[in-house]
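Here is a short briefing for a first look at this structure.

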Protein chains: 2
Amino acid sequence: MSNVLNEVLLANRGYAASFDKGDLPMPPGRRFAILTCMDARLDPAKYAGLSEGDAHVIRNAGGRASDDAIRSLVISYKLLGTREWFVIHHTDCGMETFTDDIMRGLLASSLKTASVDEHGWHDCCEGPGSAEANHISWLTIKDQAQSVLEDVQRIKAHPLVPSDIPVYGYIYDVKSGRLIEVPEATAAGK
Amino acid sequence: MSNVLNEVLLANRGYAASFDKGDLPMPPGRRFAILTCMDARLDPAKYAGLSEGDAHVIRNAGGRASDDAIRSLVISYKLLGTREWFVIHHTDCGMETFTDDIMRGLLASSLKTASVDEHGWHDCCEGPGSAEANHISWLTIKDQAQSVLEDVQRIKAHPLVPSDIPVYGYIYDVKSGRLIEVPEATAAGK
């Protein structure tokens, strides 16, 4: 068994040993949802003060309002009763370090891990690549405030999103742990 | 300001006041990623023993291997160096309570929140609906072990996923807090 798998299962055993949340209902108790980035430095339960049962948390590369994130948000509202949503991107995001063209070039030359230095991204090795990446929009980010605003606007404009649901736009600062409002996004989300 | 927004910002101020993780690097320190459900009862950092900086966490309705989840996983591996992945669905998932047809019917009659009882889902109210839902696959689930297996297989078969990355399949039990292996999925993921 891999070390990681072993460590995860051991940690889970510890969590389950003192688990006392077995009677929570399915709908989120505090009736809101957060869309944020998969970044390892972000712990939405900690940075937003969530306990088990409180809120839906949707995460992907960048915290982007992808079709799949909107699928999840619509289910969250329509079937599980959330009433307010947050879009939270963050400083120093990996999605700012590349473009669709860079990703397509890297994946065309090899599927293996690339590395980055001050000159940009480089493929580490020879190997089979794939042109499949050419058909994917990687949803990269140029400017965090702009990406938060765009995603809030995309969510609000979606035909399956009710017009009266507030969507708040914030940036999480990985240096300080603080949430910083994107005022234009929050205003657009109301 | 809404109560929820106020509470989230207050909790964040408390988190930031004692924040000491400002120097963590962007790539996940423990080099793995978890794909799991947005369900409010799940706290992946707690159930899998993660600290800030350890691992990528991707979440959507059901923890499904959607195109967007695979976009995130490929970025996680190719640019940020994760080496092992988990697919973790859970018991009592909302995605088991409806089908594409039910969701399409509900959204066609109204965008507002529906309710469920022993006879199934009902729309609560009159209102504008939308046929947009007819073009979306909602990625519902009939059987958790089967959905974990399908998602592990979809990830492993994807042309942008290297063949040597292990993908472990588990179900989180919301009653006990325990992770339960789906052995066929874990075996298929190796």
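Between chain A and chain B there are 8 salt bridges. One of them joins A:K46 to B:E52, with the closest N and O atoms 3.2 Å apart. The model is predicted.

**Polar contacts and the elements involved**

- Chain A and chain B share 51 residue pairs in polar contact, counting pairs with both residues at pLDDT 80 or more.
- Several elements of chain A each supply at least two residues of the side that touches chain B.
- The helices in this group are α1 (3–17), α2 (44–48), α3 (67–78) and α4 (100–109).
- The strands in this group are β2 (55–60), β3 (84–90), β5 (120–123) and β6 (167–172).
- Which element gives the most to the side of chain A that touches chain B? That is α1(A), with 9 residues.
- By residue type, the side of chain A that touches chain B divides into 49 nonpolar, 21 polar and 24 charged.

**Extent of the interface**

- In chain A, 94 residues are in contact with 94 residues of chain B.
- About 8000 Å² is buried between chain A and chain B. Carbon and sulfur atoms give 63% of that area.
- Three residues supply 10% of the area that chain A buries against chain B: A:M38, A:R71 and A:K78.

- How are the two copies related?
- The same surface serves both copies, and 100% of the contact residues of chain A recur in chain B.

**Fold and domains of chain A**

- Chain A has 6 helices and 7 strands.
- Along the sequence of chain A, they follow the pattern α-β-α-β-α-β-α-β-β-α-β-β-α.
- The domain assignment gives chain A two parts: domain 1 covers 29–98 + 140–190, and domain 2 covers 99–137.
- The centres of domain 1 and domain 2 of chain A, taken over C-alpha atoms, are 28 Å apart.
- The C-alpha trace of chain A spans about 50 × 45 × 35 Å along its principal axes.

Conventions: Residues are numbered from 1 along each chain as its sequence is written. Chains are lettered from A and ligands numbered from 1 in the order in which they are written. This is a predicted model: local features need pLDDT of at least 70, side-chain atom pairs count only at pLDDT 80 or more; totals for chains, interfaces and linings use all residues. Side-chain values use heavy atoms; hydrogens and water are left out. Contact means heavy atoms within 4.5 Å. Buried area is the accessible area (1.4 Å probe) that two parts lose on being put together, summed over both. A salt bridge is a side-chain nitrogen of Lys or Arg within 4 Å of a carboxyl oxygen of Asp or Glu. A polar contact is a pair of N or O atoms within 3.5 Å; within protein, one must be able to donate a hydrogen and the other to accept it, and residues adjacent in sequence count only if both atoms are side-chain atoms. Helices (H or I, at least four residues) and strands (E, at least two) are DSSP runs, numbered from the N terminus. Ala, Val, Leu, Ile, Met, Phe, Trp, Tyr, Cys and Pro count as nonpolar, Asp, Glu, Lys and Arg as charged, and the others, Gly among them, as polar. Domain bounds come from an automatic or database domain assignment.
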